[in-house]
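Hi everyone, thanks for coming along. I'd like to walk you through one structure today, so let's bring it up on the screen.

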Amino acid sequence: IKPANPTRFDGHAENLHGWIRSVERYMMLYGLSDDEFKLQIALQFVGTEVEKWLETQSDVRGWNEFKKRLRCFYEDTDAKTKAADKIATLVQTGSVRDYAEKFVSHAIAVDDMSDAERMRWFLRGLKPEVRAQVDTVMHARQTPMTWNDLKVWAERADELIFASRRR
């Protein structure tokens, strides 16, 4: 199976994180590990505006350095703050699945958020009855809950609560 090519990065800040993720997924699926080679691959997926900017960056050495410079130049400096503010005010109004999608879409921009912080903010926005069920499971477990465990248990609790209301 041949992985789909990443989209081109056109220099628009709102596309940067998604583009980096798609390029990294592409490189992972091809098993690429050499940082210099990764840079050469990534450069195949940039648009004309980024190519012009890149002409001023002749000393870039490797994919990791390139990502840092891209973020410094193209990233919306307030994006992380805006995303964190949205997370802080986000609450579950429909299903946990819908809430989780919205939460993750904002959490992606806050790339330095730890799993513990992500879990705490996610729990905080859940409906009280869902949060109570998840808290019970969390305290009963012998092993710590992961981010994915939390989402799964919250979805289960939400489904059970919804099913009990339909009866």
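Let's begin with a pair of helices: helix 7 passes helix 9 in a right-handed crossing. Before I go on, please keep in mind that this is a predicted model. Two packed helices are described by the angle between their axes and the distance between those axes. Here, helix 7, residues 115-125, packs with helix 9, residues 147-166, at an angle of about 15°, and their axes are 10 Å apart. Angles under 35 degrees count as roughly parallel, and helix 7 and helix 9 are therefore roughly parallel to each other.

Which residues meet there? From helix 7 we have Arg118, Met119, Phe122 and Leu123, and they meet Trp147, Leu150, Lys151 and Ala154 of helix 9.

Now over to helix 2, which covers residues 35-42. At its start, aspartate 34 has a side-chain oxygen that reaches to within 3.3 Å of the backbone nitrogen of glutamate 36. And which residues of helix 2 are buried? They are Leu39, Ile41 and Ala42. Looking down the axis of helix 2, you'd find these buried residues within an arc of 160°, so they line one face of the helix. What do they pack against? Helix 1, residues 13-29, and helix 4.

That brings me to lysine 67, in helix 4, residues 63-74. Buried or exposed? With a relative accessible area of 11%, lysine 67 is buried. Its side chain makes a polar contact of 2.4 Å with the side chain of glutamate 24. Setting aside neighbours within four places in sequence, lysine 67 is in contact with Ile20 and Glu24.

Thanks, and over to you for discussion!

Terms used
Residues numbered from 1 in each chain as written. Predicted model: local features only at pLDDT ≥ 70, side-chain atom pairs only at ≥ 80, totals over all residues. Heavy atoms only, no water. Helix = DSSP H or I, 4+ residues; strand = E, 2+ residues; numbered from the N terminus. Buried < 20%, exposed > 50% of the residue type's maximum accessible area, 1.4 Å probe, protein only. Polar contact = N/O pair within 3.5 Å; in protein donor to acceptor, adjacent residues only side chain to side chain. Contact = heavy atoms within 4.5 Å. Arc of directions from axis to C-beta. Axes fitted to C-alpha atoms, helices over the stretch in contact; angles between N-to-C directions. Parallel < 35°, antiparallel > 145°, perpendicular 65-115°, else oblique. Left-handed = near helix turned anticlockwise from the far one by under 90°.
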